[in-house]
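Please examine the sequence and the structure shown below. The briefing that follows describes the fold by topic.

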Amino acid sequence: MSETKTLKLDRKIFIQGEIKLLTGMHVGGSSLGLGIGGADKVVIRNPIDNLPYIPGSSLKGKMRSLLEKSLNLVKIEKVKNENKEEWTGTLCIDPDQDAVQLFGFPVDDKADTKPEYAPTRLIVRDSRLLNEQTLADAENTDMYCTEIKTEVAIDRLTSKANPRQFERVPAGARFGLNLVLDLYNVDAGSQGESSRADRFVHLVCQALSLVEDDYIGGQGTRGYGQVEFLVTSVTERTADSYRQGQMERQPSEYQKQFALFMNKEEAPV
């Protein structure tokens, strides 16, 4: 007779803080409706308040990509494409890997299931701009809260210059950081073992560190998108608190794991 287990939400961990831009950042948006004199490549903006923001999908995708590469989970293979060989890689979808359980994996009808499998555990919210007025009052910004950076591509054969303009959110901009980590009853470890919940929290910290040493958005190899994370609070609400209508979040035992991102001294831009 097969054993049946229930999947129960244990708690939600809320990691909140700021994302500080150390260099200009370009997360691309739609160029529709641009007037004459605008940038060739614009940043994504909220259509309601026209403020630039960092999509949660951009940050989460970067965190996952860097983490899986650091854990040797990306398979690289050479394939033939139109009589030409090229290298290609695929993201890991093995649900037994903690990183895959953290960020999510596709499920089909034929996939085997285990009690340890659960829905995507990490939620990454869109990051809204926090210091709009500072950027709006800056004398040398070109568009609202952003700058225009002109780059010149040089044809290596003819030496002909091809200028292009990128809209960037300038260095010094601050965005909100808002992550939610769901932990389930199946994430508790056996006595004497580190729990899977602890490993999930460690992976989130590891992913944030990797992004700090990489970049967010496009053109990162040319200096764009260097960021610094500042975590200001790590709180939680248990499943019991939701049932009892207790809305106040409590300090989380996992706060100490984010010490690397807390109480940072103000660094020069």
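Contact here means heavy atoms within 4.5 Å. With that criterion, and leaving out residues up to four places away in sequence, Leu-73 touches Glu-68, Thr-90, Cys-92, Gln-97 and Ala-99. This is a predicted model, in which local features need pLDDT of at least 70 and side-chain atom pairs count only at pLDDT 80 or more, while totals for chains, interfaces and linings use all residues. Residues are numbered from 1 along each chain as its sequence is written, and side-chain values use heavy atoms, with hydrogens and water left out.

**Overall architecture**

- The protein chain has five helices and eleven strands; these are DSSP runs numbered from the N terminus, with helices being H or I of at least four residues and strands E of at least two.
- Of the 269 residues of the protein chain, 39% count as buried. Buried means under 20% relative accessible area, exposed means over 50%, and partly exposed lies in between, for a 1.4 Å probe and protein chains only.
- Among contacts in the protein chain with a separation of 6 or more, 69% join residues 24 or more positions apart.

**Nonpolar core**

- A nonpolar core is a set of buried Ala, Val, Leu, Ile, Met, Phe, Trp, Tyr and Cys residues joined through side-chain atoms within 4.5 Å.
- The largest nonpolar core holds 52 residues, of which Leu-59, Phe-175, Phe-229 and Phe-258 touch the most other members.
- Two or more residues of this core come from each of strand 1 (9-21), helix 1 (56-70), helix 2 (98-103), strand 5 (122-124), strand 9 (174-184), helix 4 (196-212) and strand 10 (227-238).
- Helix 4 gives the most to this core, namely nine residues.
- Apart from neighbours within four places in sequence, Phe-258 is in contact with Ile-15, Val-201, Val-204, Cys-205, Leu-208, Val-231 and Val-234.

**Packing of helix 1 and helix 4**

- Two packed helices are described by the angle between their axes and the distance between the axes.
- The axes of helix 1 and helix 4 come within 9 Å and cross at roughly 100°. Axes are lines fitted to C-alpha atoms, for helices over the stretch in contact, and angles run from 0 to 180 degrees between N-to-C directions.
- Helix 1 is therefore roughly perpendicular to helix 4, a term for angles of 65 to 115 degrees; angles under 35 degrees count as roughly parallel, over 145 as roughly antiparallel and the rest as oblique.
- Helix 1 makes the contact through Leu-59, Lys-62, Met-63, Leu-66, Leu-67 and Ser-70, and helix 4 through Leu-203, Val-204, Gln-206, Ala-207, Leu-208, Leu-210 and Val-211.
- By class, this contact has ten nonpolar, two polar and one charged residues. Ala, Val, Leu, Ile, Met, Phe, Trp, Tyr, Cys and Pro count as nonpolar, Asp, Glu, Lys and Arg as charged, and the others, Gly among them, as polar.

**Buried positions and their surroundings**

- Ile-13 is found in strand 1 and is buried, with a relative accessible area of 0%.
- Leaving aside neighbours within four places in sequence, the contacts of Ile-13 include Leu-179, Val-180, Leu-181, Val-234 and Tyr-254.
- Ile-13 and Val-201 are 188 residues apart in sequence and 9.3 Å apart in space, C-alpha to C-alpha.
- Leu-73 lies in the loop between helix 1 and strand 3 (75-80) and counts as buried at 10% relative accessibility.
- The C-alpha atoms of Leu-73 and Ala-99, 26 residues apart along the chain, are separated by 9.0 Å.

**The loop between strand 1 and strand 2**

- Arg-45 is found in the loop between strand 1 and strand 2 and counts as buried at 17% relative accessibility.
- Asn-50 has its place in the loop between strand 1 and strand 2 (53-54). Phi of Asn-50 is near 65°, a positive value in a residue other than glycine.
- Asn-50 is partly exposed, with a relative accessible area of 40%.

**The loop between helix 4 and strand 10**

- Gln-219 lies in the loop between helix 4 and strand 10, and its phi is near 60°, a positive value in a residue other than glycine.
- At 24% relative accessibility, Gln-219 counts as partly exposed.

**Cysteines**

- A disulfide is a pair of cysteine sulfur atoms within 2.5 Å, and by this rule the count comes to zero disulfides.
- Cys-145 counts as buried at 1% relative accessibility, and Cys-205 counts as buried at 8%.
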